[in-house]
Amino acid sequence: MDLKERVRRSPPPSEAGAASPSSGPRGRKGGAAALPLSIAALVACCVLLFLLLAGGSAARRGQFLGAGGADLSGGVGGRRGDLHQARPRNGEHGTWSSKAQNDKLIGGLLAPGFDDQSCLSRYQSVLYRKESPHLPSAYLLEKLREHEVLQKKCGPHTELYKIALELLKSGQDIKVGHCNYLVWVSYSGLGNRILTIASAFLYAILTNRVLLVDGDKGTADLFCEPFPETSWLLPSDFPIKQFKNFSVGSPESYGNMLKTKVVDSDGSFKGPNPAFIYLHLAHDYDDYDKLFFCDHNQQYLQRIPWLILKSDNYFVPSLFLIPAYQEELMRLFPQKDAVFHHLGRYLFHPTNVVWGLITRYYDSYLANADEKLGIQIRVFDTETGPFQHVLDQVLACTLKEKLLPEVNAQQPIASTRNVRSKVVLVTSLNSGYYEKIKNMYWEHPTTNGQVISFHQPSHEEHQNSDMKLHNMKAWAEIYLLSLSDIMVTSAWSTFGYVAQGLSGLKTWLMFKPENRTAPSPPCRQVMSMEPCFHAPPFYDCKARKGTDTGKLVPYVRHCEDMSWGLKLVDKNEW
């Protein structure tokens, strides 16, 4: 019998009084005396029940926050900030234990065993993000665990890494061994860098290479280490000092080797194999560089132990067109439009400093809303704005698709009873759009009585991709945007692509304006949450002639916002 049932079955006051040998006649006086005792007992039982439930909830919270010194007065290890950062979405305090324990590895995507305090976001993100309906395949999980073993075995400062480095320094005709490497060069803006790291990581998995990332532009300040018991950061003593200056036409590039016939047309090398090759896959790459995506060239690149890659493109769609990798990719990603969704959530965990920016803002402004709408506004114009045609487009999209309610200009006030609360997160380099939309909903009530709150974390005015704090704020805003329930993003924007992919949502995409005129229609829902490959090759490697690579297979289509771009789509869009 539980505590509530015992309270319900307690004898009435009159019976309690009759059972007492010292009780007087059963009248008004006796009843009045017994009633307060009963009420006191009931209150005491209720207090006890509350303490039991509260204590259990606190204990469950402690299970997630860590057994190493977690308490309510001082947080984890005596730091109050750590406890504060583990608040869940929408104040769901009662679900912390089950949600944390069941979901913190994101369906097996993440490996256990990391030091929680070194990267709070890795296992706490589940408390802020809705559970994804897109499940990783068992084969992907298997390959991730295998790759983690490779990264640990061959990573920086290991004996095998030192041996590989000495061979690289020798410049001799070296053969591939147990440890082969792909070095990612930091290049372009933050959104581009995130997309190219994900692309490089997938290529590393397909070719069994260790991924090492250039720490330039503050990579270590933005992202936690993704692999257990090792580092993915390229050591500063890497012997090829000039790799950051490689570009299209560099003698070390594979495209230039093809052009100058150092490499035969079938992809084989004349003379000894080079110790390393530079792969230029940026937006300005030429037709020879694009031959990287041909099957026979891939076969010969596997003979090279060190590859150095520079790109500002999400080139994953074209990997799906290389015959040698197609079967493996089908097993890894049976859901074709979830490639970046899975790789992004595996690789990119905000550092503790960035996680502080994210959680403080979320808890202050977003946590208690019933619905969160994210609006990402990116304007590709030489002037700063704000522009009226962009504001018109944002409003046309959100009102037409009923993402925001209409305002009532005729009545000064409207009833707000029993209406779901909505918060709008605006991200933009300019604050003008946020101010105008916020004022519109402040000055007029909505037609449905809904009260809307608007928030914009920052407005940097200009993109400063080389500044540490600018990048930290940008990464925080991408992540906050990805916590939305519904999202509106801007065409061509890699910032929006990343937020969309992490969220797992099919966002509403605003088309790029032409001649400073709001397009009609202003937006459409995307057919896939995958990013767009902005500069794909249009070449049939087998036929050795140009072709429309957006029509070769049903799961690679042209993008909604860029007619020549390519993106992956799932079966329901074929």
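Mentor: Ground rules: residues are numbered from 1 along each chain as its sequence is written, and side-chain values use heavy atoms, with hydrogens and water left out. As this is a predicted model, local features need pLDDT of at least 70 and side-chain atom pairs count only at pLDDT 80 or more, while totals for chains, interfaces and linings use all residues.

Trainee: Why are Tyr314 and Phe340 called an aromatic pair that is edge-to-face?

Mentor: Rings of Phe, Tyr and Trp (its six-membered ring) pair if their centres lie within 6.5 Å; planes under 30 degrees apart count as stacked, over 60 as edge-to-face and the rest as tilted. Tyr314 and Phe340 are 6.1 Å centre to centre with 90 degrees between the planes, so they pair, edge-to-face. The structure holds 29 aromatic pairs.

Trainee: What makes this pair a link between distant parts of the chain?

Mentor: Tyr314 sits in the loop between β6 (306-310) and α13 (316-319), and Phe340 in helix α15 (residues 339-347), 26 residues apart. Helices (H or I, at least four residues) and strands (E, at least two) are DSSP runs, numbered from the N terminus.

Trainee: How do you know whether Tyr314 is buried or exposed?

Mentor: Buried means under 20% relative accessible area, exposed over 50%, partly exposed in between (1.4 Å probe, protein chains only). Tyr314 has 1%, so it is buried. Phe340, at 0%, counts as buried too.

Trainee: Which residues form one aromatic cluster?

Mentor: That would be Tyr128, Phe223, Phe348, Trp355, Tyr362, Trp475 and Tyr479.

Trainee: Why is the link between Cys119 and Cys224 called a disulfide?

Mentor: In general, a disulfide is a covalent bond between the sulfur atoms of two cysteines. The test here is a pair of cysteine sulfur atoms within 2.5 Å. Those of Cys119 and Cys224 are 2.1 Å apart, so the pair passes. With 90 degrees about the S-S bond, this link is right-handed. Cys119 lies in the loop between α5 (96-103) and α6 (120-124), and Cys224 in the loop between α10 (219-222) and α11 (254-259), 105 residues apart.

Trainee: Why do Cys119 and Cys224 count as buried?

Mentor: Cys119 has a relative accessible area of 2% and Cys224 is at 6%, so both fall under the 20% limit.

Trainee: What makes the disulfide of Cys154 and Cys179 left-handed?

Mentor: The torsion about its S-S bond is about -65 degrees, so the disulfide is left-handed. Its sulfurs are 2.0 Å apart, and both Cys154 and Cys179 are buried.

Trainee: And what is the handedness of the disulfide of Cys532 and Cys559?

Mentor: That disulfide has a torsion of about 95 degrees, so it is right-handed. Its sulfur atoms are 2.0 Å apart. Cys532, at 4%, is buried, and Cys559, at 6%, counts as buried.

Trainee: How many disulfides does the structure hold?

Mentor: There are 5, and they follow the pattern 1-4, 2-3, 5-9, 6-7, 8-10, with bonded cysteines counted along the chain.
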